[in-house]
Amino acid sequence: RRHTTCAQASTGRTMPSRLPTNVSSLAKFIASPECRSIAILTGAGVSVAAGIPDFRSPGGMYDTLRPELITATAAQRRAMAADPTAVVLKDMFFANAFPYLEVRRPFILGTRERRWRATLSHRFAELLHAKTGKLTRLYTQNIDGLDYQTALPTEKIVAVHGSIGKVACEGCGAPMEFDAFCAEVRARIKDLYGVDSAAPAESTPIPCPACHRPLVKPTTVLFGSSLPAEFFERSVEDLPSVDLLLVAGTSLVVSPANSLVYRVPDSAVRAVINAEPVGQELGIRYSPGGRDLFLGGECDDTFLALMVQLGWADDLARLDAELPAASQKRLRALLAAGVGDDDFTTV
């Protein structure tokens, strides 16, 4: 069905004189004065090259969950056996924080140790802001916190579903320093996976420094909780002036994050960077001469090509040591081929 908003009809903005049809023409549009405001919506696909463990796919943490090992009542274990996502239910967490903390212990501590690094896809947003100043906002559906490893100002990032790298009390909302929280997790939460010999044999509560209830956790949104108010406030503020919406690595099936695609003005270009076309049920139309562009394949490959076209290859070379191995391999292959800024600069 067709989605529209009052904001779309009232902007008075006009379509670009030349609509992008591929990576090269998208780079030209980004560099042009017609493109003044860019919003980005990202999903799990932008973090694939980082090697982040997938909670939902076969072999992931939910698929291999063993409720009998988790500190919980018999009824709670039965609930998790029937549906592993019970681990992240609000009601479960308020009754017993241990399932969430025990299942996500390696992810929490791995984030603290920077076991996973920001990919080329993450670096695109960083360089877009640094080189053009046109990034209005990055909306990420990911909880991995990799966007915060970049030099992107935190006010440019909206973590739609929260972040593993920020901590607060679910009860009173008081924040807790991430490093201090990780120290508590390491000392108080048992290891379900047999990888940390220093972990305690049994879990004990982590009290909130403010209200003293055992409800501190990463700010990831629990099932049954509301999304952060920042998402709603920023999107109302940002979207009416957007000239380009980049949608990357997401199936666009989760609402309300997917609402961004039909809340931008009718004049805005919408470029989808994903393994397969998505969003048709939200009004995206991949037709010749239209404003919607599909760029298929791995996100890192497309963003690398786009950054090269924009003349940012030398900037990427300076970030090489900070990239994960899969991203490094892509970048080094390109640089070994002798591609530099002089080859593809569009400005």
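Mentor: Start with pairing: two strands pair if DSSP finds at least two bridges between them. The strands (E, at least two residues) and helices (H or I, at least four residues) are DSSP runs, numbered from the N terminus. This is a predicted model, where local features need pLDDT of at least 70, side-chain atom pairs need pLDDT 80 or more, and totals for chains, interfaces and linings use all residues. Residues count from 1 along each chain as its sequence is written, and side-chain values use heavy atoms, without hydrogens and water.

Trainee: What makes β4 and β5 a pair?

Mentor: Count the bridges. β4 and β5 share 2 bridges. The rule asks for at least two, so β4 and β5 pair. Their sense is antiparallel.

Trainee: What joins β1 to β7?

Mentor: 5 bridges do, and these strands run parallel. That passes the test of at least two, so β1 and β7 pair. T42 has A248 in β7 as its bridge partner. On to β8: here too, 5 bridges join β7 to β8, in parallel. V247 is the bridge partner of V272 in β8.

Trainee: Why is β7 (residues 244-248) called mostly covered?

Mentor: Buried means under 20% relative accessible area, exposed means over 50%, and partly exposed lies in between (1.4 Å probe, protein chains only). In β7, 5 of its 5 residues are buried. L244, L246 and A248 point one way, while L245 and V247 point the other way. Residues on both sides are buried.

Trainee: How many residues of α10 (residues 299-309) are buried?

Mentor: 9 of its 11, and α10 is therefore mostly covered. Among the buried ones are C299, F303, L306 and V308. D300 and Q309 are on that buried list as well. After α10 comes G311, with a positive phi near 85 degrees.

Trainee: Which residues of helix α7 (residues 178-188) are buried?

Mentor: F178, F181, C182 and V185. Down the axis of α7, these buried residues fall within an arc of 100 degrees, so they line one face of the helix. The arc is taken from the directions between the helix axis and the C-beta atoms.

Trainee: What do the buried residues of α7 pack against?

Mentor: They pack against α5 (98-112), β4 (167-169), β5 (175-176) and β6 (216-218). Two heavy atoms within 4.5 Å make a contact. Notice that the open sheet returns here: β5, β4 and β6 are its strands.

Trainee: What makes R270 count as buried?

Mentor: Its relative accessible area is 2%. That is under 20%, so R270 is buried. R270 lies in strand β8.

Trainee: Which residues is R270 in contact with, leaving aside its neighbours within four places in sequence?

Mentor: The list includes L245, Y262, V264, R285, R291 and D292. I284 is another of these contacts. The C-alpha atoms of R270 and I284 are separated by 8.0 Å, with the two residues 14 apart along the chain.

Trainee: Is L252 buried or exposed?

Mentor: Buried, at 1% relative accessibility. Again the value is under 20%, so the label holds. L252 sits in the loop between β7 and α9. Its phi is positive, near 60 degrees, in a residue other than glycine.

Trainee: Why is R114 called partly exposed?

Mentor: Its relative accessible area is 44%. That falls between 20% and 50%, so R114 is partly exposed. R114 is in the loop between α5 and α6. Phi of R114 is also positive, near 55 degrees.

Trainee: One more for the backbone. What is the peptide bond from S255 to P256?

Mentor: It is cis, with omega near 5 degrees. P256 belongs to the loop between β7 and α9 (260-263). L252 is found in the loop between β7 and α9 too.
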